[in-house]
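Colleague: I have this chain open and would like to learn how to read its features. Could you take me through them?

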Amino acid sequence: MNDTGKDDTIETPNPFMPSPDDMQHWASVIGRAQQMMLEYALGQANDGHAGAAALFDPAKWLDNPATKLWTEQSSKMWEQGVAFWTSLASIGQPIVPDAPEAAKDRRFTDPDWIANPVFAMIRQTYGLLAEQMLATTRQFEGLDPTARAKMEFAAKAMADAMAPTNLALTNPEVIRRAVETRGESLLKGLKHMLTDLSRGQLSHVDSDAFEVGVNIATTPGKVIHETDLYQLIHYAPTTKEVFTVPLVIFPPWINRFYILDLNPAKSFVAWAVEQGLSVFVVSWKSADASMSEIVWDDYVAAQVDAIDTVRETLDVPHVHTIGYCVAGTTLAATLAMLSARGEADKVKSVTFFTAQVDFEQAGDLKMFVDDSYLALLQQLSAPGFLDGRYMAATFNSLRGRDLIWNYVVSNYLLGNDYPPFDLLYWNGDTTNLPAKWHRQYLVDLYRDNRMVIPNSLSVMGTPIDLKKIETPAFIQAGREDHIAPLASVWRLMDHLSGPKTFLLAGSGHIAGVVNPPAAGKYQYWTGDSGAATLEDFVAGASETKGSWWPHWIGWISAQDSAKTAVKGARIPGKGAKKAIEDAPGRYVKQR
């Protein structure tokens, strides 16, 4: 007893150890976990395979001698590091390191990564090992830039994978949560993991939280035309008058079109309709075995068909167009072909959302285009199409720390509930790709960069030369885009011959595009579109806070400000093209 009358022998409960009273509950948790794993194993055995499409690490696709050499030299270092972490956990009174600076890494925001000597040492040791790994990749001599870039990518991927935050026994937040919930958080996380293994895809969001056409992709409209490759959606006008020149939007077929129609507050489609545009959107069909022979010509032909269908339906000579990402690349080929055929006047203007035509500086995605990857791609595409989950894993791996390991910790180790986030739902709503065309795209564009070589490629029997494109162009790039890097998108300025306007948006490949004015987020930069280089443009650019969409609609109006009354064919399904079904249509819902 002390002088306050309290028993100073009572110890403070250890937040990292279960109490004796909880041990029976822990035994129950272990039993339920064993039952869940048994049921999963039996379910997989009954299905006749080891997993629907087992989760995998795309970094392993970077199979080359340099990466193997680095792996051999670094494996012992990692074994020593893990052993060191394990030994630290068993030390009763570890040596306290010098007080570190506040951790800048978001993975280590839990106070115990600094306050607790054991976890502080683990964090510091991991930092040293990760730095050593990256330094090791720079010590090899005689490597070409491509091999070195692959090796550094693999090193960063392994460093992110081996972070102590990704292991239950070396993450203080995970241990505390498990103790506080008496193991229920780990059991919930196990359920999440087994569900993901069954579906062959890492989940970022509750798949039951959204339904396309119900609480996502809800802008009113009608499907007025369809082919075996796409559906054409005409959205209902909300103004009494609309611009005479309609807008046709080509989203990428790698993802679902409704990234541009997430919900009323974020929808570019709904906003464009409110500005008085007659808006048409192409909804691509997710590939199946029947599309095994689909090639680039088919997508170009589909773009021309959509343009002609809108022109004929509304009885107008030309249309405005938008091409997002790979659809923008293809739209450039379409315009080059139309120009070569003397039909360029079908398109009044073109807007490129984060699109590339020159792939010399295409970023980390170029590392996935070598003989080993192409051989794997052929194996994975045996049915005639590539399962969209593989592409999703590839894109996630480009930002593995944020899009893979962050969710492994949150979903599996902490057992958190999934957030009801529409953008994450869209990100996981994968689309299959035609195998033949996908390989052609990677080889001809990413690997061989043939699109910028005049007449090196032909589409629909016509050699294409980007220099023949004189259509007024609005080129938007994202400052932090890791899929279509800013420097790569800028190259459009070098290859098109018509009047060009360049706009640099804050954020990346998605948020840089989907940034509605009402959100008041980010910023954009405008400047001298005649600048000789990107550096010159950036040096003279002026910043504007908020969304760039109003700037774009001003540019559209400057191309042709004529208006027409909303009647007849301007109302979806009321012209020669009758409504087939309500938007968003069937194709966007097909797996």
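Modeller: We will go from the whole chain to single residues and then to pairs of side chains. This is a predicted model, in which local features need pLDDT of at least 70, side-chain atom pairs count only at pLDDT 80 or more, and totals for chains, interfaces and linings use all residues. Residues are numbered from 1 along each chain as its sequence is written, and side-chain values use heavy atoms, with hydrogens and water left out.

Colleague: How many helices and strands are there in the chain?

Modeller: Helices (H or I, at least four residues) and strands (E, at least two) are DSSP runs, numbered from the N terminus. The chain has 19 helices and 17 strands.

Colleague: What percentage of the residues count as buried?

Modeller: Buried means under 20% relative accessible area, exposed over 50%, and partly exposed in between, with a 1.4 Å probe and protein chains only. Here 54% of the 591 residues count as buried. The accessible surface of the chain is about 26,300 Å², and carbon and sulfur atoms hold 53% of that; the areas come from the Shrake-Rupley method with a 1.4 Å probe, and for residues only the protein chains shown count as cover.

Colleague: Where is glutamine 231, and what does glutamine 231 touch?

Modeller: Glutamine 231 sits in strand β2, residues 230-235. Its relative accessible area is 0%, so glutamine 231 counts as buried. For touching we use contacts, meaning heavy atoms within 4.5 Å. Leaving out residues up to four places away in sequence, glutamine 231 touches residues including Val223, His225, Val281, Ser283, Pro584 and Tyr587. A polar atom of the glutamine 231 side chain also lies 3.2 Å from the backbone nitrogen of arginine 586. Across the chain, 80% of the contacts with a separation of 6 or more are between residues 24 or more positions apart.

Colleague: Is glycine 575 buried or exposed?

Modeller: Glycine 575 is buried, because its relative accessible area is 12%. It lies in the loop between β16 (563-565) and β17 (581-582). Not counting residues up to four places away in sequence, glycine 575 touches Gly568 and Ala569. Glycine 575 and threonine 313 are 262 residues apart in sequence, with their C-alpha atoms 6.6 Å apart.

Colleague: How many salt bridges does a search of the whole structure find?

Modeller: Side chains of opposite charge can pair when their charged atoms come close. A salt bridge is a side-chain nitrogen of Lys or Arg within 4 Å of a carboxyl oxygen of Asp or Glu, and the search finds 28. In one of them, aspartate 112 meets arginine 176 at 2.6 Å, N to O. That pair links distant parts of the chain, with aspartate 112 in helix α3 (residues 112-115) and arginine 176 in helix α6 (residues 172-180), 64 residues apart. Aspartate 112 and arginine 176 are both buried.

Colleague: Which residues are linked in a network of salt bridges?

Modeller: Asp105, Arg107, Asp160 and Arg401 form that network. Within it, the closest N and O atoms of arginine 107 and aspartate 105 are 2.5 Å apart.

Colleague: How should I read the aromatic pairs?

Modeller: Rings of Phe, Tyr and Trp (its six-membered ring) pair if their centres lie within 6.5 Å; planes under 30 degrees apart count as stacked, over 60 as edge-to-face and the rest as tilted. The whole structure has 28 aromatic pairs. The rings of tryptophan 253 and tryptophan 284 have centres 5.4 Å apart and planes at 85 degrees, so this pair is edge-to-face. Both tryptophan 253 and tryptophan 284 are buried, and they belong to one aromatic cluster whose members include Tyr230, Phe359 and Trp437.

Colleague: Which ring does lysine 563 lie over?

Modeller: A charge sits over a ring if NZ of Lys or CZ of Arg is within 6 Å of the ring centre and within 35 degrees of the ring normal. Lysine 563 lies over the face of phenylalanine 243, 4.7 Å from the ring centre.

Key: A polar contact is a pair of N or O atoms within 3.5 Å; within protein, one must be able to donate a hydrogen and the other to accept it, and residues adjacent in sequence count only if both atoms are side-chain atoms.
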